[in-house]
Each structure stands twice: as C-alpha cells, then as structure tokens.
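I open this notebook to record what I looked up in the structure. My entries take up strand pairing and then salt bridges.

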Amino acid sequence: MSEPEEGAFVHRVRVYYEDTDAAGVVYYANYLKFLERARTEWLRAAGFEQTALRDEHGVVFVVRALAVEYAAAAQFNDALEVTVAVSAMHGSVIELAQTVCRDGVPLVSASVKIACVNTPTFKPVRIPKSIMEKLAARCA
C-alpha cells in the first residue's frame with residue numbers, strides 16, 4: 001500500500017450507485033467531479049471558501065488545463081482517497097498533482113492547472129499575495 005505524497009491534502013469519497021455506468025464501474029467523467037471536490041476541500045482546509053475568494057478578493061480559480069490517466073476502475077461502494085499536491089505556483093497559475101486511490105493503489109492520476117481570474121472579467125490576474133503566502137506555507 002502506497003502513502004499519499006508527503007504534504008498532499010487527502011479527501012475521502014465513497015462511490016455511490018449514481019457514480020457508476022452500465023458496467024458497474026465509475027463512469028470516467030465522474031472522476032473529474034471527485035478531483036474538483038478535493039480541490040474545493042483543499043482550498044477550504046487552507047482557509048479559503050470559494051465564495052469568500054469571489055466576494056472578498058474578487059477572484060476565483062478555474063481549470064485551465066487538465067491531463068488525466070486512468071489505470072484501474074473503482075466500483076460501487078469503494079472508499080477512495082483523492083489527493084491534492086501543489087507542484088508549482090507562479091503568477092496566476094497553480095499546478096497540482098492529483099490522484100484517486102483505493103487502499104493506497106492509484107486508480108487515476110491527473111495534472112491540473114488552475115488559473116486565478118478576476119470575477120467581473122474572467123481574465124487572468126496574479127494570485128493575491130495573501131492567498132499565495134498561505135498556500136505556499138501549507139506546501140512547505
């Protein structure tokens with residue numbers, strides 16, 4: 001059994017019947033939902049509610065790029081761990097490495113770039129210093 005990358009945030013999810021396809025395995029697009037939920041909980045654990053980012057800082061994070069590799073399938077009722085680890089932060093972009101594991105075995109791995117955008121214009125902006133510092137401190 002492998003352990004999550006050191007410093008990685010771990011979010012646990014259960015596979016529900018609604019997550020599966022006709023073959024009884026998790027429908028491939030539903031892994032994106034698991035990854036998204038983990039990123040939301042990662043931000044929350046760092047002290048940033050997405051509504052507060054929007055309302056107080058005038059920014060939100062949006063997915064700019066995503067590459068996913070599927071190694072094995074999860075099934076109904078599986079308990080999964082979805083990890084989030086920062087690979088790099090610069091300017092307006094945070095690069096993340098994410099995995100979906102069952103019993104420590106990686107089923108899905110993803111490389112995700114999220115961009116900080118201004119809410120009225122949806123144009124990229126530098127990540128506010130206070131946010132960058134707090135996220136960087138959690139990665140150290």
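I began with strand β4 (residues 93–102), which is joined to strand β5 (residues 105–118) by 10 bridges, the two running antiparallel. Strands here are DSSP runs of E with at least two residues, helices are runs of H or I with at least four, and both are numbered from the N terminus; two strands pair if DSSP finds at least two bridges between them. I noted that Val100 is opposite Val108 in β5.

I recorded the source of the model: it is predicted, local features need pLDDT of at least 70, side-chain atom pairs count only at pLDDT 80 or more, and totals for chains, interfaces and linings use all residues. Residues are numbered from 1 along each chain as its sequence is written, and side-chain values use heavy atoms, leaving out hydrogens and water.

I then read the open sheet of 5 strands, whose order is β1-β3-β4-β5-β2 with antiparallel pairing. Its edge strands, β1 (9–14) and β2 (59–70), each pair on one side only.

I searched the whole structure for salt bridges (a side-chain nitrogen of Lys or Arg within 4 Å of a carboxyl oxygen of Asp or Glu) and found 7. One of them joins Arg102 and Asp78 at 2.8 Å, N to O. This pair links distant parts of the chain, 24 residues apart: Arg102 lies in strand β4, and Asp78 in the loop between β2 and β3 (79–90). I looked up accessibility (buried is under 20% relative accessible area, exposed over 50%, partly exposed in between, with a 1.4 Å probe and protein chains only). Asp78 is buried at 15%, whereas Arg102 is partly exposed at 24%.
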